[in-house]
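Walk through this model with the structure open beside the text. Follow the residue names as they come up.

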Amino acid sequence: MNRGVILIVDDEARMRDLVKIYLNREGFQIIEAEDGEQALKLVEQEKVDLVLLDIMMPKIDGFYFCMKVRETSNIPIIFLTARGDEWDRVHGLKIGGDDYVVKPFSSEELTARIEAVLRRSGVSLSPKEQSHQIYGLIEINEKGRQVKVGGKAITLTLKEFELLLFLIEHSGQALTREQLLEHVWGYDYIGSPRTVDTHVKTLRLKLRGASEYVQTVWGIGYKFEVT
């Protein structure tokens with residue numbers, strides 16, 4: 001179920017992809033722009049419920065974009081940027097920003113900030129669909145963060161759950177350890193790629209009869225495939 005349309009404005013494709021993964025899981029529809037000029041056109045052409053806005057971008061920066069939008073619209077705007085100086089935060093709010101989030105951030109914080117801004121703006125938040133998804137022996141209730149294998153509940157840590165979910169969302173696709181680190185642990189994670197191997201090993205043990213669904217792709221990484 002669609003909880004609203006969010007426009008992500010950032011010149012870094014990796015950041016847009018990361019935020020998109022976070023918010024798709026929460027039921028939001030995403031459209032993207034790589035600079036402020038493109039974003040202004042999208043705001044005019046599309047129905048957008050909220051904008052996530054970087055500051056440092058080519059052509060039109062985030063501050064100028066915000067001021068231009070505020071000339072004609074009260075659409076909620078959250079600055080999402082690496083610039084954490086007090087002057088930047090205060091300036092962003094003074095020119096019309098509704099909130100200011102500094103990178104790096106957690107998916108939980110970002111979702112909470114978005115929901116709070118949407119509530120204050122009077123935008124109705126539709127509940128995320130709670131249907132169960134079944135993949136072979138595995139049954140997932142994403143919102144409840146519950147997993148069953150062969151009808152029996154198993155307990156996964158948050159990272160194990162997110163790792164399984166990301167692999168399932170890309171079923172049949174070989175994913176490198178670096179891709180898994182970036183999208184599950186976060187773009188700013190500085191640990192070893194072998195962290196993925198450790199979590200995959202534990203995940204397979206917990207999946208019991210469905211452990212073979214998480215397959216090793218030699219020389220690359222891992223993939224999920226129901227056998």
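Is Arg25 buried or exposed? Arg25 is buried, with a relative accessible area of 10%. Here buried means under 20% relative accessible area, exposed means over 50%, and partly exposed lies in between, with a 1.4 Å probe and protein chains only.

Some ground rules come next. This is a predicted model, in which local features need pLDDT of at least 70 and side-chain atom pairs count only at pLDDT 80 or more, while totals for chains, interfaces and linings use all residues. Residues are numbered from 1 along each chain as its sequence is written, and side-chain values use heavy atoms, with hydrogens and water left out.

Now the overall layout. The protein chain has 8 helices and 12 strands. Helices (H or I, at least four residues) and strands (E, at least two) are DSSP runs, numbered from the N terminus. The C-alpha trace spans about 60 × 35 × 30 Å along its principal axes. Of the 227 residues in the protein chain, 47% are buried. Contact means heavy atoms within 4.5 Å. Among contacts between residues at least 6 apart in sequence, 56% join residues at least 24 apart.

Back to Arg25 and its partner. Arg25 forms a salt bridge with Glu169, and the closest N and O atoms are 3.8 Å apart. Glu169 lies in helix 6 (residues 158–169) and Arg25 in helix 1, so the pair ties together parts that are 144 residues apart in sequence. Glu169 is partly exposed, at 40% relative accessible area. A salt bridge is a side-chain nitrogen of Lys or Arg within 4 Å of a carboxyl oxygen of Asp or Glu. Side chains of opposite charge can pair when their charged atoms come close.

The whole structure holds 17 salt bridges. One of them joins the side chains of Lys20 and Glu32, at 3.5 Å from N to O. Lys20 sits in helix 1 (residues 13–25) and Glu32 in strand 2 (residues 29–33), so this pair links parts that are 12 residues apart in sequence. Lys20 is partly exposed at 30% relative accessibility, and Glu32 is partly exposed at 26%. Another salt bridge brings together the side chains of Lys223 and Glu225, at 3.4 Å from N to O. Lys223 counts as buried because its relative accessibility is 19%. Glu225 is partly exposed, with a relative accessible area of 33%.

Which residues does a network of salt bridges link to Asp54? Asp10 and Lys103 are linked with Asp54 in that network. Asp54 lies in the loop between strand 3 (50–53) and helix 3 (62–70). Its relative accessibility is 5%, so Asp54 counts as buried. Not counting residues up to four places away in sequence, Asp54 touches Val9, Asp10, Asp11, Gly62, Leu80, Thr81 and Lys103. An unreviewed UniProt entry places the feature "modified residue: 4-aspartylphosphate" at Asp54. UniProt positions are given in the numbering used here, feature names are shortened, and annotations may be inferred rather than shown by experiment.

Move on to helix 3. At its start, a side-chain oxygen of Asp61 reaches to within 3.2 Å of the backbone nitrogen of Phe63. Gly62, Phe63, Phe65, Cys66 and Val69 are buried in helix 3. They cover an arc of only 160° around the axis, which puts them on the same side of helix 3. The arc is that of the directions from the helix axis to the C-beta atoms. The buried residues of helix 3 pack against helix 2 (36–45), strand 3, strand 4 (77–81) and helix 4 (86–94).

Phe63 also belongs to an aromatic cluster, where ring pairs link Phe63, Phe79, Trp87 and Tyr100. Rings of Phe, Tyr and Trp (its six-membered ring) pair if their centres lie within 6.5 Å; planes under 30 degrees apart count as stacked, over 60 as edge-to-face and the rest as tilted. The count comes to 6 aromatic pairs. The rings of Phe79 and Tyr100 have their centres 5.7 Å apart and their planes at 35°, so this pair is tilted. Phe79 is in strand 4 and Tyr100 in strand 5 (residues 99–102), 21 residues apart. Phe79 and Tyr100 are buried.

Finish at Ile220. Ile220 lies in the loop between strand 11 (214–217) and strand 12 (221–224). Ile220 is partly exposed, at 37% relative accessible area. Leaving aside neighbours within four places in sequence, Ile220 contacts Ala174, Leu175, Thr176 and Arg177. The C-alpha atoms of Ile220 and Thr176 are separated by 5.2 Å, although the two residues are 44 apart along the chain.

Technical notes:
A polar contact is a pair of N or O atoms within 3.5 Å; within protein, one must be able to donate a hydrogen and the other to accept it, and residues adjacent in sequence count only if both atoms are side-chain atoms.
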